[in-house]
Amino acid sequence: MALIEIRGLVKAFGPVKAVDGINLDIESGEFITLLGPSGSGKTTVLRMVAGFEDPDAGQITLDGKDITHLAPFDRNVNTVFQDYALFPHMSVQENVEYGLRTRKVPKAQRAKQALEAIESVKLSHTADRLPHQLSGGQRQRIALARALVLRPQVLLLDEPLGALDRQLREEMQVELKRIQRDAGITFIFVTHDQDEAMRMSDRIVVFNHGRIEQVGTPQDVYERPATRFVAGFLGVSNLLEIPSAQSDTSKDATISIRPERIRLAPSSYQQRSGEVALGGRISEVAYLGSNTVFVVETDTGSRISVTTLNQELPTQGEGFGTGDRVLAVWQESQAAQISG
Ligand code: ATP
């Protein structure tokens, strides 16, 4: 039995079906990310798990117990929001102790647990400070400590790093993952940032229009996207139509091939067995430092993106340029068949 089981979950706001029939199992100790574009329903699912939103239909169980319509404080889950929501007039330690105080935990015990939680986010030296005396990243970690101190079975995080600049955000991604691993708590994390999802998650749930498009490990969803939407949302992908004569099934098929899995070869190149080679002309070249992106207009009318890694200093006049005729070559086994 999974820790959380979501079955047939539906929520509409007037004419908008925010969540349109979702089924999902979440295992204990898992770092699972709900990923999707703005408005795809991620936050609404999180809010139903938290108890801030009442589903129109469906069921949510936690540890086998039906929590679908329970009040937020009657379920062993806790939420960390993007805006931290620390009390400005309370010290860091008082902020972290707050939830324990409302639960009538004795004073000495409260202080001990709060200091442990502050230590777990590596901010012991800030215990006496007020929130405005902390940086954005530190405030976010204290918000996390305040949630962790209550020892929830599940922690819900709604774009918690959204307000941080890029460098701090990347540091916090590593930090969050460490804290999750150390605490052994199940994290359900909402983001629209693909890199963030790839970096931190055990599994990613890809949302689109209130439905789940795919659930899998970062590698699964990147390497074997189930749908066109997933292929396009996670990184860049080339989607190519394969006529029925060449596809595994008798129907026309679509394949997804990543730009970094394709290489360019001169037109004279002899294709080997297991390889696919499409002839065309280079229409664009973008040098991006660590890699170069080429666009090839194929003779069959497709546009293909090809990325090459610049492992060596390029020599003037070498390599392919705009207007060159080339073959775009890849191993057949590197392409994924798309079903939807
Ligand atoms: P974002 O990344 O922008 O937060 P999201 O994927 O989390 O997006 P939701 O916030 O779940 O998406 O919203 C899903 C849909 O439901 C959207 O069309 C949104 O406008 C609508 N919606 C969400 N909450 C409400 C509400 N309280 N009242 C009316 N419509 C709502």
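Colleague: What should I know before I start?

Modeller: This is a predicted model, so local features need pLDDT of at least 70, side-chain atom pairs count only at pLDDT 80 or more, and totals for chains, interfaces and linings use all residues. Residues are numbered from 1 along each chain as its sequence is written, and side-chain values use heavy atoms, with hydrogens and water left out.

Colleague: How many residues has the largest nonpolar core?

Modeller: In soluble globular proteins, nonpolar side chains tend to be buried together. A nonpolar core is a set of buried Ala, Val, Leu, Ile, Met, Phe, Trp, Tyr and Cys residues joined through side-chain atoms within 4.5 Å. Buried means under 20% relative accessible area; exposed is over 50%, and partly exposed lies in between (1.4 Å probe, protein chains only). Here the largest core has 33 residues. V96, I142, L144, L155, L157 and L176 have the most contacts inside it.

Colleague: Which element gives the largest share of this core?

Modeller: Elements are DSSP runs, numbered from the N terminus: helices (H or I, at least four residues) and strands (E, at least two). Helix α4 gives the largest share, 6 residues. A second, separate core of 26 residues includes I6, I26, I60 and V205.

Colleague: What does L176 contact?

Modeller: Contact means heavy atoms within 4.5 Å. Leave aside neighbours within four places in sequence. L176 then contacts L144, L157, P160, L161, F187, F189 and M200.

Colleague: Is Q93 buried or exposed?

Modeller: Q93 is buried, because its relative accessible area is 17%. Q93 sits in helix α2. Beyond residues up to four places away in sequence, Q93 touches A111, A114, L115, I118 and A127.

Colleague: Where are the domains?

Modeller: Domain bounds come from an automatic or database domain assignment. That assignment gives domain 1 (4-233) and domain 2 (259-338). Their centres, taken over C-alpha atoms, are 41 Å apart.

Colleague: What area do domain 1 and domain 2 bury between them?

Modeller: The size of an interface is often given as the accessible area lost when the parts come together. Buried area is that loss (1.4 Å probe), summed over both parts. Domain 1 and domain 2 bury about 410 Å², 48% of it on carbon and sulfur atoms. In domain 1, Y222, E223 and P225 lose the most area to domain 2, together 69% of what that side buries.

Colleague: How many salt bridges cross the interface of domain 1 and domain 2?

Modeller: A salt bridge is a side-chain nitrogen of Lys or Arg within 4 Å of a carboxyl oxygen of Asp or Glu. The rule finds 1 across this interface. The side chains of E223 and R261 meet in a salt bridge, at 2.7 Å, N to O.

Notes. Buried area is the accessible area (1.4 Å probe) that two parts lose on being put together, summed over both.
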